[in-house]
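Please brief me on this structure in plain terms.

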2 protein chains.
Amino acid sequence: MAALDPILNDIDTDLDNALERLFEFLRIESISTDSAYKGECRKAAHWLEGNLTALGFETSVEETSLHPVVYAHKPKPGAPHVLFYGHYDVQPVDPLNLWTHPPFEPRLIGEGDRRQIVARGASDDKGQVMTFVEACRAHLAMNGELPCAVTIVIEGAEESGSQGLPEWVEKNRDRLEADVALVCDTSMWDRNTPQITTSLRGLAYFEVTVTCADRDLHSGFFGGAAANPIHVLSKILAALHDDQGRVTIPDFYEGVREPPAEVLEQWKGLDFTAEKFLGPIGLKEPAGERGRMLIELIQSRPACDVNGIIGGYTAEGTKTVIAGQASAKVSFRLVDDQDPEQLAKNFEAFVRERAPADCKVDVVCYKGSRAIALPYDMPQLSVAQAALTEEWGRDAIAVGAGGSIPIVGDFKRLLGLDTLLIGFGLDDDRIHSPNEKYELKSFHKGTRSWARILSALAAR
Amino acid sequence: MAALDPILNDIDTDLDNALERLFEFLRIESISTDSAYKGECRKAAHWLEGNLTALGFETSVEETSLHPVVYAHKPKPGAPHVLFYGHYDVQPVDPLNLWTHPPFEPRLIGEGDRRQIVARGASDDKGQVMTFVEACRAHLAMNGELPCAVTIVIEGAEESGSQGLPEWVEKNRDRLEADVALVCDTSMWDRNTPQITTSLRGLAYFEVTVTCADRDLHSGFFGGAAANPIHVLSKILAALHDDQGRVTIPDFYEGVREPPAEVLEQWKGLDFTAEKFLGPIGLKEPAGERGRMLIELIQSRPACDVNGIIGGYTAEGTKTVIAGQASAKVSFRLVDDQDPEQLAKNFEAFVRERAPADCKVDVVCYKGSRAIALPYDMPQLSVAQAALTEEWGRDAIAVGAGGSIPIVGDFKRLLGLDTLLIGFGLDDDRIHSPNEKYELKSFHKGTRSWARILSALAAR
């Protein structure tokens, strides 16, 4: 068993070079949801291929139905085998005018303990991916080998619902055998407390388009006589929640369970207040279901959010128009046994019921995922917790999270693998928003954490 | 009194040249609501200045608080005096992808009786303005003088609520004295039946912006806990109408009168069906207030339309975001004595009442106008009706219209002038929409109509 200190020391002394490598990665505009950036996604895949090949991984860029997957492998007979997953694609950057500098020109901003890497993808997920890659680099630099056999899968369509990935995983089962999956795409409990995420909400995502007249109309001539698709859409969206904040779609809460009493008791003991969680984003009161603790709202309860809406004239000034068409994107966070396919049927029926005879309604259903939860008695969980606790000097906590990482369910279903979700993001990282950042401390101590975890899993 | 036939004949033989002049005018991208087109608005004003000066008008381009006004005058002592009003500004062109050719590259499309001039502004209002200018040109070409004294005012901010115009009119009262105002910015009853519009609905236009969090949020982390401004806005907009299609803002119907029984009787006699009015735009059933005739809905009843809405992610694909902000443009068509200022207060209160404590709501109030109606016994009305009937071979009808032309109220209030609204547009001209058109027949016979009306008003 190789000594850990030289490896951690190498991570400390090589930090500037590691940052330079991350910045190169962040400069690639790999937005997966916008087809204009297809070439940039491929470029990011090949950048990773070059980087991992240089470390001695056997690496290839492999096609899927959307953007390619990067596959890398370094065997170690007799040692435990980990499968690491991350994604190189990033969210769109709009609204661009709210960025303090261009999103694909990464900068190191601030001083001391709070230095931040600011760029699209800094936290979600390029910075997080590189903590694992850099940990491998340090092990290899000091010892010429890794403590475990390592397979790495970095996809390019996570922000597009991982389109094409499950099919690729299914086809490549033999090459993805491992003892445990590792994912670095989640957050810490707070800036000093590491966290292993043991459950994730599922996701169902829809786009609703309402069409009335076959063109835009003058509201002077037609106002009061012609159907207005924004009115129709507003009525539909307004009907999604009742006045208690509950989702009104029939059978929506089917499969939702109440957490065991002892879990609720633990949650009550956490100092998880609206002031702490919502204060930093300028809000005071939890929205959503009345009569629930805030931590329930984001962990054990499902939620529905309209993610976008557009119709009619939206530029400066006035235009007296009745739009021909309006559309909205609507998504649901799912928990426990809620079924995204059943929801798709119920949602579509809910929408169609509310459309007047004269309106045409289209509902597009993007890929959905069920919620997932780890077994609490999983052996690697306590090993990883101990390694994290050693690095951060605070007990690593195991807790659920509000977001969705669809591949985790696919790994279980297709490969029989449980996944340790260990990330170093912070809740104020502004992922999916302007001025996304990843703290230098997250990047540095995140890399050190993975170096420890790899050793710890090998020693088990 | 000059003979009319040579003048009408000159209009017929000069049609190609007249079209060439109109096309020059249409090529100018004079969108008044978008400040990026400020220079183009000025260019349109100077184009008119050049054209009217060449006809012998004393012409000037005069500043207002937004875009300049073109003022032209040709005196004729002892003759009746008309004040003609039109506008050189046009609506924005979005959605651009629905145009069959570039909106500022006018084309003549189709054959025979249905030939169309297709371009932004072809009907609203450049083509209509030029029918009057070309009628003046023909009179001057044949007789060296006009039958009436003529003052022309062409503004550049009609599509921006005529911002700056009332102040300019007030300052220039002395130079705007006349016996009657003429406006060419309305439609025919149908493609063969001329119309004088004797009433217009007023307008009140608002923009509502709802702000919740101070940034866009990840819906995975915050969904179910953070307020969503699209939800708040949808609830507000959905509440604007009850299930009978009536506007729910308190006191909204204050000042609305029922038309006299004999008018309602006349309306019942008109063959104004949903099939005829809504069929051409792909609709079947009147929206809006239940239990009203379609003609009531667009003439004697007020209406409320959401003209635009935007918030969150609206591009291709999915983004799991909770927007920080969402906004909508909402306008009202007013009738009879409805007061736009009182409505502004009531609307703002209505919106604020529905905003949760955590949300900030901004309401911008654009310029409003009251509804207006002509005296039925106005002497010039029957003279103009007779001239139109002669040109078109069908009785010209006097009727109200759904749209708003704010300046008409200002002319009455500031100058004591009644206005004859005579236009040659058709309901399917797609004004404010892609592929706006003005029929060649409207342009040609519209010019002939004005030549007749000018002579008739002088002979009175």
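Where in chain A is the place of Gly224(A)? Gly224(A) sits in the loop that lies between α6 (219-222) and α7 (229-238) of chain A. The model is a predicted one, and the points below are grouped by topic.

- Is Gly224(A) buried or exposed? Its relative accessible area is 14%, and buried means under 20%, so Gly224(A) counts as buried.
- Leaving aside neighbours within four places in sequence, the residues in contact with Gly224(A) are Ala287(B), Gly288(B), Leu297(B), Ala303(B) and Asp305(B).

**Helix α7 of chain B**

- How many of the 10 residues of helix α7 (residues 229-238) of chain B are buried? The count is 9 of the 10, so the helix is largely enclosed by the rest of the structure.
- The buried residues of α7(B) are Pro229(B), Ile230(B), His231(B), Val232(B), Leu233(B), Ser234(B), Ile236(B), Leu237(B) and Ala238(B).
- At the start of α7(B), Asn228(B) places a side-chain oxygen within 2.9 Å of the backbone nitrogen of Ile230(B).

- Strand β7 of chain A covers residues 180-183. Val180(A) and Leu182(A) point one way from this strand, while Ala181(A) and Val183(A) point the other way. All of these residues are buried.
- Strand β3 (residues 81-87) of chain A runs parallel to β7(A), and 4 bridges join them. Val82(A) is the residue that stands opposite Val180(A) of β7(A).
- β7(A) also pairs with strand β17 (residues 419-422) of chain A, in the parallel sense and over 3 bridges. Here Leu182(A) has Leu420(A) of β17(A) as its bridge partner.

**Domains of chain A**

- Chain A is divided into domain 1 (5-200 + 372-459) and domain 2 (202-256 + 302-365).
- Between the C-alpha centres of domain 1 of chain A and domain 2 of chain A there are 35 Å.

**How the two chains are related**

- The same surface serves both copies, as 100% of the contact residues of chain A recur in chain B.

Notes
Residues numbered from 1 in each chain as written. Chains lettered and ligands numbered in written order. Predicted model: local features only at pLDDT ≥ 70, side-chain atom pairs only at ≥ 80, totals over all residues. Heavy atoms only, no water. Helix = DSSP H or I, 4+ residues; strand = E, 2+ residues; numbered from the N terminus. Buried < 20%, exposed > 50% of the residue type's maximum accessible area, 1.4 Å probe, protein only. Contact = heavy atoms within 4.5 Å. Pairing = 2+ DSSP bridges. Polar contact = N/O pair within 3.5 Å; in protein donor to acceptor, adjacent residues only side chain to side chain. Domains from an automatic or database assignment.
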